[in-house]
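Okay, thanks for making time, everyone. Let me put the model up on the screen, and then we'll walk through it.

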Amino acid sequence: MKEKIPDAHVTVLYTDVRAFGKGCEEFYQRVRAEGVNYVRRELDERIEVEKRGEGVIVSAVCEGEERKFPADLVVLATAVVPRCDAEEISRILKIPRGSEGFFLEAHPKLRPVDTAIDGVFLAGCCQSPKDIQDSVAQAVGAAIRASVPILRGYVEVEPTVAFVNEHICVGCGTCVSVCPFGAVSVEHSEATMARAVVATKAKASELRERKGVAVVNEVLCKGCGSCAAACPSGAISVLHFNERQLLAQIDALSA
Ligand code: SF4
Ligand code: SF4
């Protein structure tokens with residue numbers, strides 16, 4: 001505005017200013033130095049806009065003081081919030097969300113465009129409020145990350161996945177309800193039960209009495225261990241992190 005109309009009077013009513021991004025703090029300081037008037041107010045202080053002749057009057061309480069600002073143009077900068085269907089997308093794709101409801105990256109510095117779900121990448125305001133420049137840069141990164149498994153033709157599975165002891169699993173389904181990645185299910189198919197009979201050397205009739213056997217999809221499993229912590233029978237554990245191994249680590253640490 002000041003570039004186009006140098007003698008315009010510009011007032012910014014604000015509560016908090018975050019000059020985020022490269023060069024943005026310098027831009028903010030230059031704008032203030034060039035005479036843009038920044039007036040602070042608390043979010044819960046009264047503010048009203050009423051028409052007066054050709055323009056409007058903004059009446060606002062700013063840090064306890066009643067102020068009036070005649071204006072030709074008022075711009076309302078609304079908050080950036082997640083899309084209304086973010087919750088449903090999160091549920092379908094099982095992408096975790098942060099406390100504000102935006103999708104969560106796997107790691108803010110090391111994996112900024114990845115999500116906890118393999119093959120799902122983030123770009124733009126679905127992750128957090130950002131400008132066009134940052135959205136485009138992130139989209140380039142996400143496209144390149146997505147092209148890696150496509151060009152390679154295969155994906156590597158983590159070695160730390162959940163493992164079910166079919167001998168003691170009673171098919172209660174607790175692990176299914178706590179798994180955040182939909183990686184475990186309770187099955188009662190003939191093939192599963194036949195496999196359990198071989199694995200446990202139990203009689204088929206004994207196993208048939210159970211509700212089923214938990215089966216882990218090793219491609220979906222992230223090895224988070226929630227199922228191992230929740231299983232009432234101690235029938236499921238994470239490979240390389242079973243109870244005995246964890247206790248041995250604690251013993252070694254405490255020694
Ligand atoms: S692994 Fe544990 S929690 Fe899961 S169905 Fe079997 S007994 Fe239940
Ligand atoms: S280790 Fe985590 S991701 Fe894997 S089956 Fe258990 S709860 Fe699901």
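So, burial to start with: of the 255 residues in the protein, 27% are buried. By buried I mean under 20% relative accessible area, with exposed being over 50% and partly exposed in between, using a 1.4 Å probe and protein chains only. Quick housekeeping: this is a predicted model, where local features need pLDDT of at least 70 and side-chain atom pairs count only at pLDDT 80 or more, while totals for chains, interfaces and linings use all residues. Residues are numbered from 1 along each chain as its sequence is written, chains are lettered from A and ligands numbered from 1 in the order in which they are written, and side-chain values use heavy atoms, with hydrogens and water left out.

Now the overall shape. The radius of gyration is 28 Å, whereas a compact globule of 255 residues would be near 18 Å; that's taken over C-alpha atoms, and the globule rule is 2.2 Å times the number of residues to the power 0.38. Along the principal axes, the C-alpha trace spans about 90 × 45 × 40 Å. The accessible surface is about 17,700 Å², and carbon and sulfur atoms own 57% of that; the areas are Shrake-Rupley with a 1.4 Å probe, and for residues only the protein chains shown count as cover.

How is the chain divided up? The domain assignment gives domain 1 (11–71), domain 2 (86–152) and domain 3 (162–254), with bounds from an automatic or database domain assignment. Between domain 1 and domain 2, the C-alpha centres sit 33 Å apart. For secondary structure, we've got eight helices and nine strands. Those are DSSP runs numbered from the N terminus: helices are H or I with at least four residues, strands are E with at least two.

On to the ligands. Around ligand 1 there are 14 residues, and Cys169, Cys172, Gly173, Cys175 and Cys231 come nearest. Near, here, means a heavy atom within 4 Å. That shell splits into ten nonpolar, four polar and no charged. For the classes, Ala, Val, Leu, Ile, Met, Phe, Trp, Tyr, Cys and Pro are nonpolar, Asp, Glu, Lys and Arg are charged, and the others, Gly among them, are polar. Ligand 2 has a shell that includes Cys179, Cys221, Cys224 and Cys227, along with Lys222. Its count is seven nonpolar, three polar and one charged.

Glutamate 63 has a positive phi of about 50 degrees without being a glycine. You'll find glutamate 63 in the loop between strand S4 (55–62) and strand S5 (65–71), and it counts as exposed because its relative accessibility is 52%. Lysine 94 also isn't a glycine, and its phi is positive at about 60 degrees. Lysine 94 is in the loop between helix H2 (86–93) and helix H3 (132–152), and at 34% relative accessibility it's partly exposed.

Last stop: which residues does cysteine 126 contact, leaving aside its neighbours within four places in sequence? Phe102 and Phe103, where contact means heavy atoms within 4.5 Å. Cysteine 126 is in the loop between H2 and H3, and it's partly exposed at 29% relative accessible area. From cysteine 126 to glycine 225 is 99 residues in sequence and 28 Å in space, C-alpha to C-alpha.
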